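The sequence and the model are shown first, followed by the terms on which the description rests.

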Amino acid sequence: MLFSEQLRKAVDPIWEASFHHPFVKELGEGTLDLRCFRYYVLQDSYYLTHFAKVQALGGAMADDLQTTASMAHHAQSTYEAELRLHETFMKELGITEEEKASFVPAPTAYAYTSHMYRASFAGRFGDVLAAILPCYWLYYEIGERLKHCKPNHPIYAQWIEAYGSDWFKQLVEQQIARLNDIAKTASEKELERMKQHFVISSQYEYLFWDMAYKLERWPIEEEDVYANERA
């Protein structure tokens with residue numbers, strides 16, 4: 001069994017929970033509250049900004065120039081495809097420059113990006129790949145599951161089309177193959193560490209849907225903290 005197959009089997013209960021999360025199901029049905037999707041877009045844009053930086057870090061950690069170039073391409077693709085898609089969503093959802101300027105990441109978004117940086121700085125290239133791969137792979141599987149859905153809201157249809165595309169599938173398959181190649185020469189300790197990163201990222205993917213669906217907030221809002229300082 002390939003290392004990627006072992007990982008996919010290990011996280012199957014977590015991914016099944018993502019497939020059946022109300023955010024994902026209602027997005028496919030077109031019944032998701034736009035407030036939740038609007039919130040998701042802001043949080044995911046923050047996440048993707050750091051995701052692209054982690055991709056670039058992975059490229060700097062790679063052993064060969066071809067992989068460095070490929071990871072740089074992945075980082076560029078994140079900007080050109082996903083972040084630009086989010087910019088389109090922001091315009092369509094009426095998200096203002098003031099809202100973007102005052103944006104504060106939710107606890108889950110902040111924790112997930114912090115996890116990816118920790119995997120990057122405390123490990124090797126394989127750790128980076130294991131930490132970022134669930135984002136690629138899970139989104140592709142969700143896109144596949146939802147691609148026959150016909151939500152009556154064009155924003156939801158655009159989202160499904162982006163992650164169920166052949167272009168995105170190729171990116172996913174590249175990273176899966178790359179992780180399997182690394183696993184061939186990795187020690188048992190390294191394999192276990194990569195598995196842990198993959199599982200934790202999968203947990204955070206589920207929590208990300210939940211965060212958006214519940215409009216997650218910090219327990220003490222930032223304005224309350226500043227108000228207390230001024231008092």
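## Terms and basis

A residue is called buried when its relative accessible area is under 20%, exposed when that area is over 50%, and partly exposed in between (1.4 Å probe, protein chains only). Accessible areas come from the Shrake-Rupley method with a 1.4 Å probe, and for residues only the protein chains shown count as cover.

The model is predicted: local features need pLDDT of at least 70, side-chain atom pairs count only at pLDDT 80 or more, and totals for chains, interfaces and linings use all residues. Residues are numbered from 1 along each chain as its sequence is written, and side-chain values use heavy atoms, with hydrogens and water left out.

## Overall fold

The secondary structure of the chain consists of 12 helices and 0 strands, where helices (H or I, at least four residues) and strands (E, at least two) are DSSP runs numbered from the N terminus. The radius of gyration is 18 Å, close to the 17 Å that the globule rule gives for 231 residues, so the chain is as compact as a globular protein of that length. That radius is taken over C-alpha atoms, and the globule rule is 2.2 Å times the number of residues to the power 0.38. Along the principal axes, the C-alpha atoms fill a box of roughly 55 × 50 × 30 Å.

Of the 231 residues, 49% count as buried. The accessible surface of the chain amounts to about 11,800 Å², and carbon and sulfur atoms account for 53% of that area. Among contacts (heavy atoms within 4.5 Å) between residues at least 6 apart in sequence, 85% join residues at least 24 apart.

## Salt bridges

Side chains of opposite charge can pair when their charged atoms come close. A salt bridge is here a side-chain nitrogen of Lys or Arg within 4 Å of a carboxyl oxygen of Asp or Glu, and the count by this rule is 11.

One of these bridges joins Asp181 to Lys184, with the closest N and O atoms 3.4 Å apart. The two residues are separated by about one helical turn, because they lie 3 residues apart in helix H10 (residues 166-185). Asp181 is partly exposed at 46% relative accessibility, whereas Lys184 is exposed at 65%. Elsewhere, salt bridges that share partners link Arg8, Asp12 and Glu141 into one network. Arg8 counts as buried at 16% relative accessibility, while Asp12 is partly exposed at 32%.

A further salt bridge pairs Glu144 with Lys147 at 3.2 Å, N to O. Glu144 is partly exposed, with a relative accessible area of 28%, and Lys147 is also partly exposed, at 38%.

## The loop between H11 and H12

Trp218 is located in the loop between helix H11 (188-213) and helix H12 (222-230). With 35% relative accessibility, Trp218 counts as partly exposed. Together with Val104 and Tyr110, Trp218 makes a nonpolar surface patch of about 280 Å². Patches are made of residues with over 30% relative accessible area and no salt bridge; like charges are joined within 9 Å, and nonpolar side chains (Val, Leu, Ile, Met, Phe, Trp, Tyr) within 5 Å.

Leu215 also lies in the loop between H11 and H12. The phi angle of Leu215 is near 50°, a positive value in a residue other than glycine. Leu215 is partly exposed, with a relative accessible area of 24%.
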